[in-house]
Amino acid sequence: MTNEEGETSQFYICDCFTTDNIFLNDYKLHVSFVTEQQFRLDYETILRRSGCVTEQQFEDVLNKISQEVDRRKHLRETSVQRAATIKEQYQPLHPHVYNLQESYLAPKFKEIVDYCRSRNTREEGLLDLLVEEAARVYRFPVFEKRFCEELLEELEHFEQSSAPKGRPNTMNRYGILLNEIGFDKNFITPLREQYLHPLTSLLYPDCGGHCLDSHKAFVVKYDLNEDLDLSYHYDNAEVTLNVALGKDFTEGNLYFGDMRQVPLGMTECSEVEHRVSEGLLHRGQHMHGALPISSGQRWNLIIWMRASQERNKLCPMCNRKPTLVKEDGFADGFTKSC
Ligand SMILES: O=C(O)CCC(=O)C(=O)O
Ligand SMILES: [Fe+2]
């Protein structure tokens, strides 16, 4: 039996969600907060170096953290409420975009998926169909351009409506959470299971790409009057797909550094351009960020794909064995079974 979002199992979050990876936008810093004493010990020096020098500035940081922890503690319940209100009140402009059709997909993408479906192990032939832009970062066409336009029209229509809006995370202030507006069951889940899974199985078997069983999907939006760029980070995902949907924009390239926990600057970064209708597939733990756009507006579809088999061993956000807390929906992709 599956529920409305299309999940078949009970999923969990790790309890580090309320203590770890809290992003301080003013100082572009991710922090953990358990007690004030621990926080001062771990971050006072680095915060001071980043310009947080007065006691008042430090107080402001503590207040922001406390607000964020509160927001996270109530996140699931507010999200369920928002989804119910959206379902009741929001009238889609293009209802058909919520149901994935083969005709939305680029022919080249279908060719790549067919190639993967017919093979159990990676052969060099696959790398002739994809472009490897940086270490294990692959580019390929995903959608037809016409579909990207319609999807964007739908998302803008939603943005302009009076429906309540949940934002993807503290780093993206203007995105849209796709599960809340009803994209999971008939669009993102079939896209992940039927099309992306054959590909990730061959490309990332070592990072859970062969056993992805949930996701978090959202849209990020950059505009000259809103967010311009995205700080360096890793995703709460085993494998991520990032598809540029439009509109017209200049710059805003992604950049990739090393895998987790190597400070930027000690490592060479590779810049990768976004091209409308094309996707970039990468390991979730591959550190990356987005450079500022210099004109226009950029919308990208982001699918953080999770493999419970991998994350149940080690939570990618706190690097410890996860302490499970039950939640609705796909939660953060942890399960109890394996
Ligand atoms: O703006 C982008 O293209 C990157 C977005 C991203 O990395 C994320 O949301 O995790
Ligand atoms: Fe990311």
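Helix axes here are lines fitted to C-alpha atoms over the stretch in contact, and angles run from 0 to 180 degrees between N-to-C directions. Keep that in mind for the helix pair below. The model is predicted.

**Whole protein**

The secondary structure comes to eight helices and 16 strands. Switch to the C-alpha trace. Along its principal axes it spans about 60 × 50 × 50 Å. The radius of gyration is 20 Å, which agrees with the value near 20 Å for a compact globule of 338 residues.

**The α4 and α7 pair**

Select residues 107–117, helix α4, and residues 184–203, helix α7. Two packed helices are described by the angle between their axes and the distance between the axes. For α4 and α7 the angle is about 60 degrees, and the axes lie 8 Å apart. Angles from 65 to 115 degrees count as roughly perpendicular and those under 35 as roughly parallel. α4 and α7 are therefore oblique to each other. Their crossing is left-handed.

Now show side chains at the contact. Which residues of α4 meet α7? On the α4 side, pick I112, V113, C116 and R117. On the α7 side, pick Y195, P198, L199 and L202. By class, this contact has seven nonpolar residues, one charged residue and no polar ones.

**Around ligand 1**

Select N172, V220, L230, D235 and N242. Colour the shell by class. Five of its residues are nonpolar, four are polar and one is charged.

**Two backbone stops**

Go next to G246 and K247. A cis peptide bond joins G246 to K247, with omega at about -10 degrees. K247 is in the loop between β9, residues 239–246, and β10, residues 249–251.

Finish at K28. To place K28, select β2, residues 22–24, and β3, residues 29–31. K28 lies in the loop between these two strands.

Notes: Residues are numbered from 1 along each chain as its sequence is written. Chains are lettered from A and ligands numbered from 1 in the order in which they are written. This is a predicted model: local features need pLDDT of at least 70, side-chain atom pairs count only at pLDDT 80 or more; totals for chains, interfaces and linings use all residues. Helices (H or I, at least four residues) and strands (E, at least two) are DSSP runs, numbered from the N terminus. Angles under 35 degrees count as roughly parallel, over 145 as roughly antiparallel, 65 to 115 as roughly perpendicular and the rest as oblique. A crossing is left-handed if the near helix is turned anticlockwise from the far one by less than a right angle, and right-handed if clockwise. Two residues are in contact if their C-beta atoms, placed from the backbone, lie within 7 Å. Ala, Val, Leu, Ile, Met, Phe, Trp, Tyr, Cys and Pro count as nonpolar, Asp, Glu, Lys and Arg as charged, and the others, Gly among them, as polar. A residue is near a molecule or strand if its C-beta atom, placed from the backbone, lies within 6 Å of it. The radius of gyration is taken over C-alpha atoms; the globule rule is 2.2 Å times the number of residues to the power 0.38.
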